[in-house]
Amino acid sequence: MSMLTRRQFVQVGSIAAAGLLAGCGSSGSDAADAAPQAADGEYTVVNEGKLTCISNLFFPPFESMNETTGDPEGFDIDVSKSLAEHLGLEVNWLPSQDFDTLVPTIKNGGKADIAIAGMTITDARQAEVDMSDPYVDSNQSIVVKAGSTETAESLDDASKTIAVQGGTTGADWADENLPNATKKRLSTIIDAMSGVQSGLYDAVVCDLPVSRYQIKMSYSDLEIIEEIPTGEQYGIAISKDNPGLTAAINAALAEMQEDGSMAAIEAEWFGSEL
Amino acid sequence: MSNTRRGTKWGLAALVAMLAVAFALAAPHSAYALTTNKATARPNENGGSGVIGGLATRLTWEGTVEEGEKVSSVTLVLPEGGTFDGSSTKITVLEGLSRAKVEGTATPADTQLEVTFSEPIEAGYLLRLEVEGMKFPADGGEVSVGGSYVNQDGEQQLAESKPIKTIANTPLQALVATLDEAPWVQAWNSNPFLGMFFKPQLLATAFATLVPGWLLCLLIVVIAYPFAIVLGLIFALMKISKNPLLRLIAIVYINILRGTPLFLQIYIMFFGLPMMNINIDNNVLGVIVIAINASAYLAEIFRAGIQSIPQGQYEAASSLGMNYFQTMFDIILPQTIRRVIPTVTSDFITSYKDTSLLSSVGVMELMMFAKNLTSVSGNMTPYVAAAIFYLIVTLPLIKAVGYVEQRIANSERGGGPRPKGKAAVKAASAGEATPLPSELGVHFEAARDDAFGTSVSPLAPVAVQEV
């Protein structure tokens, strides 16, 4: 790329600024378009005209950050974009936060509209926030170093350390099914897998789609020793104070199933796996 | 001899008989059309991992439908004292890893839970029942879940599950239960701020469960600090030495450690060392990381302290024929220590707080316990409790630093004890001066004597007086 002279730079800058202003203008008109919808759907968003999303961005293939740009990407991000499109809103992603803070953040409101984070619909979460209709099926898995002789039975021992991500159903599963092992709750699944790779922990319990993807993409020296059928389903967390948004999201999810946009996103991130 | 041999023989016979009985009992299990895979319960101990009887929890029961069978309903039965009343059941039917579309209804009735399905479950399917809000018998003990099911041939017995270990209620849980009931607690929690940050039930739980984490924090920093001081002193002396190689080593060491975040150093040590097959216990590694990190800061503090001692003292020492080490250890360092005590204490406070970073690599310290409790409860109160635990240590230290700083500042500008002032002497000899000034004077002197006479003198460099 050639160097810009100062004059050119100013010109480019002003064009960019104009574009930005135009962008604001159009998002403003989007908001205006969305307003009548909001009136009959009776929902509010934190930022005018935007669907503000939070997640833990270390959960590939559902959430991750692009290696070069740092932008969020993944299955859930595409779902959020499509959702926003169906709602006539613009998608707005906030920085990553720890998984176990997502439900409290949504519950308290004011920061984000939805948490879309590969989050299983559970009674405990539904007591705090509204969960949308399920949009993906999931299961659990136990991951160990490739070639390890561990089994689900041998891991249930005081000498074993199981890494889990705090606040996840994987952590609950380990608490319930491996009561004797030491559980380490970490902030991200990446920390957990790196820890198993380096021998710091004996195993990770996490969602099967994530472990499959991670082993395929980056952790080739790990393996799944047990696929645990739990039949859990992911939903989107929305504040209980915003039932209109839950209804609108459910309607949009149903539309996405019908018009094939969900299938397209699934094909992109899971191929034939799902 | 023969007796013991006979004993052995009898023992063997008994063992064989027991095995036979066990096999006889075990054999019918394979004949079940609905095999009980497992029954587990979610730990419901606040801040612990136990399953407590008499408190609501979630039972997960799994069974597989065997070859050639169809199951149309399942009834789970708890031992006497347990109850399914008030529970809600999530029914999941899976073929392999995919969900099958089978609907069902669950009807709780005291110790029984009857689950009927819209259509019979086919062979090979896995049935998962998650019963939220059920209670195990209050007196604890090992609890097996049994029951029955209905297949095409009628009602059959279910195999008893492997026993679930449950415990009776603990005093802490009892306290939490009382708090749950109390009207003032409910009013308190209805305020979103108080309920989210100062929930009384969770404060009680957190104070009880965070203690081990707090002790570990203290242990780590208390063990690490003496090492850090020694290392810091060595590198400080290296940095001011005349040997360029020693200086270079010290500069590289100090700058790298001060120029990178502790968080990064922790990651490198905790994830890097095991990759090189160096396996050190997590807590020991925590001590090492904190000690090394603090040593770099201490080195700079010590260096600044040493260099703040006037050049004249070195000259005076050498004029008395002292060598480098005598000068350092008898004259310079004793004065340095006194000057750096406040800064070192501040650094100690920082290191103590920095142990919280170790939670990210799985050291079971204070922050880790607080995070666990928060992730289980979805409430911020455990963090507030953790903050209190940090403050218990840091506030008195901050106070102490301020006090020591003040005293050192006083002594440095010559505000130490004096021979009695003229007014006081006069008052003492005459015995009839105006009472107010004399009293003030005496108090003042007494306070000074107390403060400086006792604690400054051990630190006061002997050599200076000689000089």
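Chain A contains 10 helices and 11 strands, where helices (H or I, at least four residues) and strands (E, at least two) are DSSP runs numbered from the N terminus. The structure is a predicted model, in which local features need pLDDT of at least 70, side-chain atom pairs count only at pLDDT 80 or more, and totals for chains, interfaces and linings use all residues. Residues are numbered from 1 along each chain as its sequence is written, and chains are lettered from A and ligands numbered from 1 in the order in which they are written.

Of the 274 residues of chain A, 46% are buried; a residue is buried if 20 or more other C-beta atoms lie within 10 Å of its own, exposed if 12 or fewer, and partly exposed in between, with C-beta atoms placed from the backbone. Among contacts in chain A between residues at least 6 apart in sequence, 70% join residues at least 24 apart. Two residues are in contact if their C-beta atoms, placed from the backbone, lie within 7 Å. Helix H6 (residues 169-177) of chain A is largely enclosed by the rest of the structure, because 8 of its 9 residues are buried. The buried residues of H6(A) include A:Thr169, A:Trp173 and A:Glu176. Elsewhere in chain A, the peptide bond that joins A:Pro60 and A:Pro61 is cis, with omega at about 5°. A:Pro61 lies in the loop between strand S1 (50-54) and strand S2 (64-65) of chain A.

In chain B, an open sheet of 5 strands runs in the order S1-S2-S8-S4-S5, with antiparallel pairing; two strands pair if DSSP finds at least two bridges between them. S1 and S5 of chain B stand at the edges with a single partner strand each, so one side of each has no neighbour in the sheet. From one strand to the next, the twist averages 30°. Strand S2 (residues 56-65) of chain B pairs with S8(B) over 9 bridges in the antiparallel sense, and B:Ala56 has B:Lys135 in S8(B) as its bridge partner.

The axes of helix H2 (residues 171-181) and helix H5 (residues 200-209) of chain B come within 9 Å and cross at roughly 165°. Axes are lines fitted to C-alpha atoms, for helices over the stretch in contact, and angles run from 0 to 180 degrees between N-to-C directions. H2(B) is therefore roughly antiparallel to H5(B), a term for angles over 145 degrees. The residues in this contact include B:Leu172 and B:Leu179 of H2(B) and B:Pro200 and B:Ala208 of H5(B). By class, the residues of the contact of H2(B) with H5(B) are 7 nonpolar, 2 polar and 1 charged. Ala, Val, Leu, Ile, Met, Phe, Trp, Tyr, Cys and Pro count as nonpolar, Asp, Glu, Lys and Arg as charged, and the others, Gly among them, as polar.

Chain B also has non-glycine residues with positive phi. B:Asp110, with phi of about 50°, lies in the loop between strand S6 (104-109) and strand S7 (112-121) of chain B. B:Asp110 has 12 other C-beta atoms within 10 Å and is exposed. For B:Asn277, phi is near 65°, and B:Asn277 is found in the loop between H8 and helix H9 (282-307) of chain B. B:Asn277 counts as exposed, with 8 C-beta neighbours inside 10 Å.

The contact between the chains takes 27 residues from chain A and 29 residues from chain B. Elements that each supply at least two residues of the chain B side include strand S8 (126-135), helix H8 (262-275) and helix H12 (366-377). The side of chain B that touches chain A has 11 nonpolar, 13 polar and 5 charged residues.

How values were computed:
Parallel < 35°, antiparallel > 145°, perpendicular 65-115°, else oblique.
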